[in-house]
Amino acid sequence: MTKIPLSFILKRLHSITGFLPIAAFLIEHMISNFYILRGPEAYNARIELLSNLPFVTFMEIGLIALPILYHAGYGFYIVLTGKDNASWYPYRQNWFYSFQRWTGILTFVYILFHLYQTKGSEFLYGKEVNYARMAEIMHVPGFLWFYLISVTAVMFHFANGLWGVLIGWGAVTAPAGRRIAGWICGLAGLTLYVMGVSALLTLAK
Amino acid sequence: MTTGNRIIKLKVKRQECPQAKPRWEEFHMPYRPYMNIVICLREIQKDPRTSDGKLTTPVVWECGCLEEVCGVCTMLVNGKVRQACSALVDELGDEITLEPMTKFPIVRDLVVDRSRLFASLKRVRAWIPFNSAKDIGPGPHITPQQQQKDYVLSTCFSCGSCLEACPQVNERSNFIGAMPVNQARLFNDHPLGKPDAVKRLRALVEDGGIEDCGNAQNCVRSCPKHIPLVDSLAEMNRQITRSLFRLFHD
């Protein structure tokens, strides 16, 4: 057996972590957030349900934290090996290339901050994560804006990344297929975006 | 055959040798109908004087076919990569900047060393692996449909535009760019090229191969022959995924 090139394994792993555990978690997260629209009781019950899942810490580390850390770490490496040129070649897809990198960086910063405000604050200051706590955060305009901008970045990164995965694994090859896949990915991103934003705005009310 | 007193201002980025510092020089010349960049550069050769009248060395550049099929006059015209021979002044305006390509080692002025393109063709085995003095019979039949499809892929003349426009090709990465990927597709498509198909795929997944593609798709926008390079990248990705389990078996 020939040696499988390390760069190939690392790149495909970056792709797999993005569209399997991370995208799946993102969808789950937006569905959970959607309970906010049903009111504090429903949302708190949802949190209760999730935090009582068996092996929840194990799943959080193995299926969420580690994949995100790997995806982000290798993502930063990808950012370093690229050289944006959208100002010289201002084509839509080239802008998307740049946006994918910027939104990736913003998303990572946002995730760290979000984690500090939720799990971090619970651990450090004993502030339990629930409807009231999230509403308290969203009533600070600066935080609300940061969350709104970050959710936009996350959803762009998700949709454009998913589309890239479809091309990167050769699932779609012809121009028509790529276009249709692009619309589907865009629509998926937009749906999650609407879900996320409506949850944030409900909290801020 | 000058028309009025319209003056074309040509700003050229010049560099004596790889070690020298680049500098800009401006040249003025009267406009002529149907002027292209090659004519402008020849105009400079006649009397190499900068716009302030100072005598200088003639600008060094390469050109071969003069009909956009050899690739050697590829350079940055007004910041965008293209062939000087097919760059018409009428479409460019009266102030034009010329720079050498940035993704290849510079030789002098507008001349770069594009030998990495040839190296990558060798890497992906962009040839038919049959070479026999004996008569081995007629070749396989290729349908007109496939001929038409492959003809477009075969029009690549290794100019390097797709590498120049690619954000993933730069001094911090060793990405081979879209051009050799398209050639691998062409020869994997050919019935006589098929025996080496897996070898080509393996060459594409080596370090700096197709995995480094960032999906910016500038390649397809910059290709002078409008080769569907994104289709080629996606198609080779598909072939790699399909043969993932036999790719490293032997």
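Predicted model: local features only at pLDDT ≥ 70, side-chain atom pairs only at ≥ 80, totals over all residues.
Guide: A helix here is a DSSP run of H or I with at least four residues, and a strand is a run of E with at least two, both numbered from the N terminus.

Visitor: OK. In what order do the elements of chain A run from the N terminus on?

Guide: They run α-α-α-α-α-α-α. Residues are numbered from 1 along each chain, chains are lettered from A and ligands numbered from 1 as written, and side-chain values use heavy atoms without hydrogens or water.

Visitor: What box do the C-alpha atoms of chain A fill?

Guide: Along the principal axes, the box is roughly 50 × 40 × 30 Å.

Visitor: And what share of its residues count as buried?

Guide: Of the 205 residues in chain A, 41% are buried, where buried means under 20% relative accessible area, exposed over 50%, and partly exposed in between (1.4 Å probe, protein chains only).

Visitor: Buried or exposed?

Guide: Q100(A) is buried, as its relative accessible area is 13%.

Visitor: Which residues is Q100(A) in contact with, leaving aside its neighbours within four places?

Guide: The list is F156(A), H157(A), N160(A) and G161(A). Take F156(A): along the chain it is 56 residues from Q100(A), yet their C-alpha atoms are separated by 7.5 Å.

Visitor: New topic. How many residues does the contact take from chain A and from chain B?

Guide: Chain A gives 34 residues to the contact and chain B gives 38.

Visitor: What area is buried between chain A and chain B?

Guide: About 3,200 Å², with carbon and sulfur atoms giving 49% of that. Buried area is the accessible area (1.4 Å probe) that two parts lose on being put together, summed over both.

Visitor: Which three residues supply more than any other three of what chain A buries there?

Guide: They are K83(A), Y89(A) and Y91(A), which supply 19% of the area that chain A buries against chain B.

Visitor: Now chain B. What is phi of N215(B)?

Guide: Phi of N215(B) is near 60 degrees, a positive value in a residue that is not glycine. N215(B) lies in the loop from helix 7 (197–205) to helix 8 (218–222) of chain B. With 15% relative accessible area, N215(B) is buried.

Visitor: What about phi of H226(B)?

Guide: That one is near 50 degrees, again positive in a residue other than glycine. H226(B) is in the loop between helix 8 and helix 9 (229–242) of chain B.

Visitor: Is H226(B) buried or exposed?

Guide: H226(B) is exposed, at 64% relative accessible area.

Visitor: Last one. Where is G139(B)?

Guide: G139(B) is in the loop between helix 3 (115–123) and helix 4 (144–154) of chain B. Its relative accessibility is 55%, so G139(B) counts as exposed.

Visitor: How far apart in space are G139(B) and G209(B)?

Guide: Their C-alpha atoms are 31 Å apart, and the two glycines are 70 residues apart in sequence.

Note on methods
Contact = heavy atoms within 4.5 Å.
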